Amino acid sequence: MRVVEQEKNTTSLAYRGLQALAVIGGVFSFVICILLIANNLSLKSSDPIHLKSLEGRLEEMKGDPQNEAIKLQIRELDYISRRAFFTSQHFNQMGIYFLVGGLVITIASYKTLDAYRQAVPYPDSSDPKDDLIDDAHWARKSLTGGALVLAGFALILALPDNSPLDEPHEPAKKGSAQQTAQGSSENKSNPSKATPLATPEELAKNWPSFRGPASGVSSSSEVPITWDGESGEGIAWKIPVPLPGFSSPILWEDRVFLTGGDTQSREVYCFSTQDGKMLWRHKVAGIPGSPAVAPKVSSDTGYAASTMTTDGVRVFAIFSTGDLVALDMEGNRIWGKNLGVPENPYGHSSSLICHEDVLLIQYDQDLEEESPKESFVAGIDVTTGDEKWKVKRDFGPSWASPLLVNTGERDEVILAAEKVVSYDPKTGKVLWEFEWIEGGEIAPTPVYSDGLLYLCCGFARITALDIKTQEIVWENEEQVPGVCTPLVTGGLFFAGLDEGGIVCFDAKTGKDADGELIELWFEETDDGFYASPILVGDKVYLMDRAGKMHIFTPEKKFKSLGQPILSESTVCTPVIIGKTIYYRGTENLYKISL
Amino acid sequence: MVISYKFLDQRFIKLLFGLLILGLMPVVQAEDVMRFPAPEFDSNYTFPETWDLMDGRGNTIIQDTTPRDGQAPLPTSQTQQWIDVGVLTLALSLGAWLAVKRRSRRGLFWLMIFSLGYFGFYKEGCVCPIGSIQNVALSIFNSSYAAPITVVIFFVLPLAFALFFGRVFCASVCALGAIQDLVIWKPIQLPRKLTIALSMIPYVYIGGAILLAATNTGFIICRYDPFIGFFRLNGNAPYLYLGAGFLLAGMFIARPYCRFFCPYGVLLGLMSRFARWHLAITPTECVDCRLCEASCPFDYINKPNTGLEREERATGVRRLASLFLLLPLLVVLGGWVGHEMAPVMARYNNTVFLAEQITAEKADPTMKASLETTTFRSMGIAEEQLMAEATKIRSQMNMGGWLLGGFLGLVFSLKLINTSLIRDQKDYEVDKPHCFSCGRCCSYCPSDEMHMPNFKPGSKALEEALALGKPSEPEPETVSAMQKGKA
């Protein structure tokens, strides 16, 4: 629009006054703005909490915690630095109000000045030469162009976009190479009631639970006897495990499973036996009833102390939070439930075990008066997680794991606690009971061999019990393992002791050659034992807590065959299968192979 | 002695103003919430006040221990809400009277300043009719949410006024419009090609906002309000820069947010189209003087088109028929694009986002757990429940994507048809669906006896203007002389 200026009173005092006001307002705002920017930059760089002088004083106070003068200085410094910081913040707040005020004055002055500059409008010199046809043509083109740009933008955003929710079975893809080789991936990814259970032969070929399928006896005959963790000699691979845990590994075909956990998270891991690559990782969360805050547990137990188990189709894991999950072999959750946060002074550590389609859980808790908690043993349906049976137990906590025994007449699941009780694994029916001990802390899992049941309670006794009559065959109150589950083979009883030393008893009598109720031999070691011994052919493998494997012959006299060392400490019992040992250290999972 | 301010003329000051707006950004950002640990020892430091957001039953929904500054305004009391409704009603009534009856730009300007102060700075931009679209949408599609009656009134009232008096809300009540109106300096006329190309954006915005609100995903109109940071003297830097960008652009492109983005403008436009008592350029009869032709900084004055060459009728009919046939195809095509966009939009939903993160972390065991997933896992909510909820929302979003895309396809088709329908325009008239009723054009009409600030009756300027405004082309010499200020 062209304009001609109307008579303007631009020389009037009011006009000039407004102009001056606008300028002053503008300059004032500008100055405030600069000051605010400077103050803001200073605020951003200031760190009143970590003043060097303050931290120096704090360090001084650590060395002399009773020094009142330093305390006073710290208080003053802390107060001064905070005060300076908040003063700067206050200045910012006030400055903004000044700035807004200045801007209001500037705008108001200019809007008023506009009145002095009002102009008579004049139309364009030319007539409107609009071309309606051309205009409409261009309007359609522009509209189409705009719509195409919008649609194109939308498609550029949308078409390459892949939501992870569209591919819920991503882990299956990752592990597909291995599964294809086995040719059984379909069954694994769709576990259902129709899925056949693993045969005893399959179970025997794998390592489905704590101490393997045969109570600490490996089917292997030839595994390495030398390796060196530091140099890497004999180590096929070593892979870090994200979260800590004292649970031992289990193995099914070409996969090793582990659990880990801390206060924040509990997880199940699956590693490839080939190269140690983590195939999947399942975060155990979102289970109804799971505590928002993890219970307090002992650092010796942690949140993932219980060893997993598998039925060959599913893997099962339990944690110190009471969370119990069943996953398929690809890490997809089949079911999950919380058994109630266990009341346990150290933390839950009893491992899981499967009998056919029943998952057996020993859930012994600290029973206080009027406590709603209760100890129980339960048989859980592996496919649904539903309870098949549950039997209440009237005694306090234990840390041992259930033992599955076939006596030749029947299957029994035997649980060691103050009272040793045998149950029918299918129905939960109590088969027999034995009052064993009072108030002991029982961690080693019972062991069965040749009709005798071996029970250990640290700082108390070893008891050999006739499983049919529940009569004590022999007992010994010396050299008792507190955590390590013993190995009984060839009529000999072997165990590692918490405080160090390996002990061997005559399993039948508990007596030495002189008929005295004493060990056959005791071999001193520098470090103690939490891991359990494994028999491999004619050798016993027993790892101490420092990471040294004690390899010896299962004989009445101690004969060392080697003491290879890992580079990190450990408490876990290894998987020994084929020509390979899988071992969990405090931070890494190792494969030691011939 | 006369002091010369020539060096500080209007342009300089306005440039200074623009720079100040930019300069304000980092300063305002400094007011952002600052987490501060408790003092180690006793001191005079006092903790900032905390505030709780309560539901209607007095249960705490959100407990915020951060300082109040920078947060959304506190929920207002019922009384305050009704006071706001009262102020809105009065402001709209006054605006309608000033625009339609008084035709007073000055009155509308001062009402606009009041509204900026009250609804903008005092109420901190909340509640506003633009954002209320989302409350209404959510309450319609989500039975567990009922929009407060006062919010519904905020949504309905400006539309009702627009139905009878045009967009008086835009003229004088909307704080977002007011802050942009204040900074208009040298408005340029944008090419029509560009304005038409941009005309789809408000429809995309309102459609998207309704979809996201209906699925309880979020209130994007409020989240991306470019001026809220100014009203609250606080905000995140990107949004403040966005607002500053709008204001700077607004110095040359008048009220850009209102014209090319405002979702509420779509509804106001629909209503205003039928306004019987809309502000008119001339109070009597248009003499086609053309003086108002360029008075509208928003380019919302329709020019007469009689006597201009028209398209052959048969060609026009054929085109219209083709466009009508194309309509269903464009609706389906739009629906397909919307459907493709659905997963992307669904990701804006916290539940879907969380479910995707959890699934991604499961798929890639090496991925570090995010803060969100860690927090979720610590809450003890079943993952299956989350996944089921996410699937439900994605399904809703999928359907919504089809509807949104179809709606946009329909709007596009109707716009194409509209541009092909050329209606007779005899006089200079405001573009009713778009006109903000700001009243600027009124004072340019020489027929307005009530307000003729530019034309004193019988003045030389009026005579010249009327003479020049006649349809005949003025003599080149006259124009030249006028340009030199000699007329």
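**Briefing on the predicted model**

Four strands of chain A form an open sheet in the order β25-β26-β27-β28, with antiparallel pairing; strands are DSSP runs of E of at least two residues and helices are runs of H or I of at least four, numbered from the N terminus, and two strands pair if DSSP finds at least two bridges between them. This is a predicted model, in which local features need pLDDT of at least 70 and side-chain atom pairs count only at pLDDT 80 or more, while totals for chains, interfaces and linings use all residues. Residues are numbered from 1 along each chain as its sequence is written, chains are lettered from A and ligands numbered from 1 in the order in which they are written, and side-chain values use heavy atoms, with hydrogens and water left out.

**The sheet in chain A**

- The edge strands are β25 (487-489) and β28 (521-523) of chain A, each of which pairs on one side only.
- Within the sheet, β26 (residues 492-496) and β27 (residues 502-506) of chain A pair in the antiparallel sense over five bridges, and Gly496(A) stands opposite Ile502(A) in β27(A).

**Gly229 of chain A**

- Gly229(A) lies in the loop between β3 (217-218) and β4 (235-240) of chain A, and is buried at a relative accessible area of 10% (buried means under 20%, exposed over 50% and partly exposed in between, with a 1.4 Å probe and protein chains only).
- Leaving aside residues up to four places away in sequence, Gly229(A) touches Ile235(A), Ile565(A), Leu566(A) and Ser567(A), where contact means heavy atoms within 4.5 Å.
- The C-alpha atoms of Gly229(A) and Gly547(A) are separated by 9.0 Å, although these residues are 318 residues apart along the chain.

**Cysteines**

- A search of the whole structure finds zero disulfides over all chains, a disulfide being a pair of cysteine sulfur atoms within 2.5 Å.
- Cys484(A) is in no disulfide, and the nearest cysteine sulfur, that of Cys456(A), is 8.0 Å away; Cys484(A) is buried, with a relative accessible area of 0%.
- Cys442(B) is likewise in no disulfide, with the nearest cysteine sulfur, that of Cys441(B), 4.6 Å away, and Cys442(B) counts as buried at 1% relative accessibility.

**Helix packing in chain B**

- The axes of α16 (residues 350-363) and α18 (residues 383-420) of chain B come within 9 Å and cross at roughly 125 degrees, the axes being lines fitted to C-alpha atoms over the stretch in contact and the angles running from 0 to 180 degrees between N-to-C directions.
- The contact includes Leu354(B) and Ile358(B) of α16(B), and Leu386(B) and Ile393(B) of α18(B).
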